[in-house]
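Keep the selection tool at hand.

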Amino acid sequence: TRYRRFLQTKKAVVSTQSTGEHIDNAPYRCIPFRIYTDMHERYIQRLFKPMTEDDKLTTLGQLMKQFLPDSVVEVGDSDDPDILKSYEVAAGKRIKIQGIETPLNTPIQWLSEHLSHADNFLYIVVSDFEQLAT
């Protein structure tokens, strides 16, 4: 059935890297996400790893820099030893998840665990600040 296939796909996506089973506080293998923007009629849909090769947490800022680079500005190294770089939202942009302007240094793993929809996708909306005022 479709539901059974959905559960198999879900398990494959959110299972942990080492065991194949979901364990609390263990990173997911991949985080599915969609980015919706005012600039494009289509959305960006991909998978994103919650950890780097050297076991550093990946953040919303890193995801945005990789898939929609004009939406963020790199501001230097992070103060957090588990996070590589710090980012700020680009001038004139807003980035929201579930209607919340989320800090860019938030780990993707945490966002997925707390703000993903029932389909396990993390839906990110990038809008122009000026368009919101009109």
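The tour goes from the whole chain to the sheet, then to the helices on it.

This is a predicted model; local features need pLDDT of at least 70, side-chain atom pairs count only at pLDDT 80 or more, and totals for chains, interfaces and linings use all residues. Numbering starts from 1 along each chain as its sequence is written, and side-chain values use heavy atoms, without hydrogens or water.

**Whole chain.** Color by secondary structure. There are four helices and seven strands; helices (H or I, at least four residues) and strands (E, at least two) are DSSP runs numbered from the N terminus. Along the sequence the pattern reads α-β-β-α-β-β-β-β-α-β-α. Of the 134 residues, 40% are buried (under 20% relative accessible area, 1.4 Å probe, protein chains only).

**The sheet.** Which order do the five strands of the open sheet take? The order is β2-β1-β7-β5-β6, with mixed pairing; strands pair if DSSP finds at least two bridges between them. Select 44-48 (β2) and 100-101 (β6): these are the edges, each with a single partner strand, so one side of each has no neighbour in the sheet.

**The β5-β6 pair.** Show Lys 96: Glu 101 in β6 stands opposite.

**Helices on the sheet.** Select 60-67. This is helix α2, packed on the sheet and touching β1, β2, β5 and β7 (contact: heavy atoms within 4.5 Å). Its direction makes about 130 degrees with that of β2; axes are lines fitted to C-alpha atoms, for helices over the stretch in contact, with angles from 0 to 180 degrees between N-to-C directions. Finish at 108-115, helix α3, which lies across β1, β2, β5 and β7 and runs at about 105 degrees to β7.

Note on methods
Buried means under 20% relative accessible area, exposed over 50%, partly exposed in between (1.4 Å probe, protein chains only).
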